[in-house]
Structures are given as structure tokens and as C-alpha cells.
Amino acid sequence: MQRVTAQLVVGLVAAVLSLLAEQCCADSGGPSLAERVIWAVNAGGDAHVDVHGIHFKKDPLEGKVGKASDYGIRLPILRSSPEDQILYQTERYNEDTFGYDVPIRDEGDYILVMKYAEVYFAQSQQKVFDVRLNGHVVVKDLDIFELVGHSTAHDVTVPFSIRRGKLSVQGEVSTFNGKLTVEFVKGYYDNPKVCALYVMKGTSEDVPKLQPHPGLEKTDDLDDVEDEDEESEGGEEGGKKKVLAGSKYRVQSGPRTPNPYAADNSSLMFPILVAFGVFIPTLFCLCRL
């Protein structure tokens with residue numbers, strides 16, 4: 001009887017301590033971002049701790065698969081903090097499909113975050129590739145330059161979940177055996193690559209955002225204004241569209257040039273009227289002579 005009572009007391013104490021621990025986590029906002037990251041690698045580079053406390057390990061594929069490049073080390077990377085530019089300045093690429101294996105033990109919601117910057121090519125359609133997650137194509141025709149331009153940070157996030165031995169990502173489900181395989185798939189344009197990547201517990205809202213892109217922000221603002229104009233004139237002009245094709249990436253070239261055909265020509269008539277006013281009386285006087 002005493003043993004049973006002792007076991008019950010121990011169980012109650014353990015339950016109370018567990019509840020207190022959960023309450024403390026809730027009060028403090030839960031685990032930090034760095035604590036939720038289960039795996040992180042600086043592709044093509046050395047170990048690094050970013051401004052959020054995430055520990056990126058040295059690339060485990062060094063000397064095994066593909067090639068490491070630090071070509072971007074000479075370039076400042078837009079949208080990235082100075083302390084973390086190294087995550088975008090180094091990369092690993094391969095002339096064929098390659099990838100990383102991430103061990104995952106616990107069920108739950110996860111986010112794959114991949115970091116990119118185009119530091120070599122200066123136009124789009126030069127490097128285009130896909131990304132697969134355990135065979136599922138989660139990113140199709142990724143063209144970094146087309147999205148953000150040259151030497152500019154770009155993060156790609158892919159949410160997924162693991163429950164009851166199943167991986168669910170973008171509406172597709174497959175059997176999960178404890179290993180997440182992230183593959184960068186060789187396409188028709190150059191070689192696939194990645195600068196850094198990590199996997200964390202949580203949702204897309206938990207992922208730190210990059211600094212805003214000035215060029216894309218301005219064009220987005222212009223699109224918003226034009227959309228508002230289109231809505232306001234829809235009733236009067238039958239929904240006349242004012243948004244031009246490809247306006248998302250349009251850059252304003254300066255003030256609008258005045259229409260020369262819309263100028264006021266009334267000032268040209270004044271000298272003619274004055275001439276008529278002088279000519280007619282003079283002609284009348286000459287006729288009387």
C-alpha cells in the first residue's frame with residue numbers, strides 16, 4: 001500500500017512539474033528561434049552563428065559532392081544584415097542533381113528555409129533549377145536573378161508536416177522513414193546550387209524576414225495605386241484597365257512628357273487679329289484717296 005501511495009505521489013509531482021515547465025515556456029513565449037532549429041548548414045562555407053542565434057554547421061558535403069564557391073565574397077549582398085552576408089556569399093553547386101539528408105525524429109509542423117543569392121550571372125534564364133523534398137517537387141524553375149536581381153539575398157520557405165509516419169507537403173503525402181532529403185535538381189540552364197539552408201519547427205510566420213527590397217517595394221506600391229485607380233474608375237468607364245503588362249517589374253523613367261498636340265493655340269491668333277485690324281482701315285483710307 002505504501003509503495004502504491006509513493007508511486008502516486010511521484011506521478012503527481014512529475015505531472016505538476018511538467019505543467020509548471022509548460023507554463024513557464026508559455027509565459028516566456030516558448031522556445032527561441034534558435035532552439036526550434038533542428039538542422040542548419042552553411043553550404044560551401046564554414047560554421048557560422050547568425051544574428052538570430054542559429055548555428056549553421058560547416059558544409060558536410062565538402063570534398064564529397066559538388067564544388068564549394070566563395071566567388072560572392074567580394075560582393076555586398078543586399079537585403080542581408082552585414083553579419084550574415086557570408087551565408088549568401090558562399091555556395092555549393094554541382095553539375096548534376098545533389099542534396100542533403102536531414103534526420104527528423106519528432107512529429108509536427110516544420111519549415112525548410114533555403115538561402116540564395118545570384119553572384120555570377122547578370123541576367124535571367126542563366127541558372128534555373130528545381131528543388132525536391134523526398135521526391136516531391138516543392139520549387140519549380142527557380143530563377144534567382146529573375147526574382148530579385150544580382151547579389152541580392154532571397155529566402156525560399158517550404159512548410160511541411162510529419163505525422164503518423166507520413167510526410168505532407170504542398171498537398172502531397174508520402175511515407176516518411178525518419179530522413180528528409182532535400183535535392184537541388186539539375187535543369188537545362190547551368191547547375192543547381194544553394195547558399196545555406198535550415199529546418200526548424202514551426203510555421204512560415206516564425207521565419208525571420210529579410211530586409212525589404214527597395215526596387216520591388218516601389219513597383220509593388222505603384223501596382224497598388226493603379227489597382228485602386230482601376231477600381232474607382234470601373235463604374236464610370238466600364239472597368240477600363242490601367243495596369244500595363246509586366247508592371248510588377250516596371251521602373252519609372254521620370255516625369256510624364258506633355259502632349260505637344262494638347263497645347264493651347266489661342267496665343268497664335270492674337271497677332272493675326274492685330275494685323276487684320278490694322279490692314280482693313282488702311283485699305284479703306286487708300287481706296288478713298
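**Entry 1: the whole chain**

I began with burial and noted that 33% of the 289 residues of the protein chain count as buried, where buried means under 20% relative accessible area, exposed over 50%, and partly exposed in between, with a 1.4 Å probe and protein chains only. I keep in mind that this is a predicted model, in which local features need pLDDT of at least 70 and side-chain atom pairs count only at pLDDT 80 or more, while totals for chains, interfaces and linings use all residues. Residues are numbered from 1 along each chain as its sequence is written, and side-chain values use heavy atoms, with hydrogens and water left out.

For secondary structure I found seven helices and 15 strands in the protein chain; these are DSSP runs numbered from the N terminus, helices being H or I with at least four residues and strands E with at least two. Among contacts (heavy atoms within 4.5 Å) with a separation of 6 or more, 72% come from residues 24 or more positions apart.

**Entry 2: strand S15**

Why is strand S15 largely enclosed by the rest of the structure? I found that five of the six residues of S15 (residues 196–201) are buried, so the strand is largely enclosed. Strands pair if DSSP finds at least two bridges between them. Strand S1 (residues 37–42) runs antiparallel to S15 and is joined to it by four bridges, with Val-37 opposite Met-200. Strand S7 (residues 108–116) also runs antiparallel to S15, through six bridges, and there Lys-115 has Ala-196 as its bridge partner.

I then turned to the nonpolar cores, which are sets of buried Ala, Val, Leu, Ile, Met, Phe, Trp, Tyr and Cys residues joined through side-chain atoms within 4.5 Å. The largest has 33 residues, and those touching the most other members include Tyr-100, Met-114, Phe-160 and Leu-197. Another core, of 17 residues, lies apart from it and has Val-37 and Ile-77 among its members.

I also traced an open sheet of three strands, ordered S4-S5-S14 with antiparallel pairing. Strand S5 (residues 91–93) is joined to S14 by two bridges, and Tyr-93 stands opposite Lys-193.

**Entry 3: Ser-81**

Ser-81 sits in the loop between strand S4 (67–69) and helix H3 (86–89). Ser-81 is buried, at a relative accessible area of 18%. Beyond its neighbours within four places in sequence, Ser-81 is in contact with Val-51 and Gln-211.
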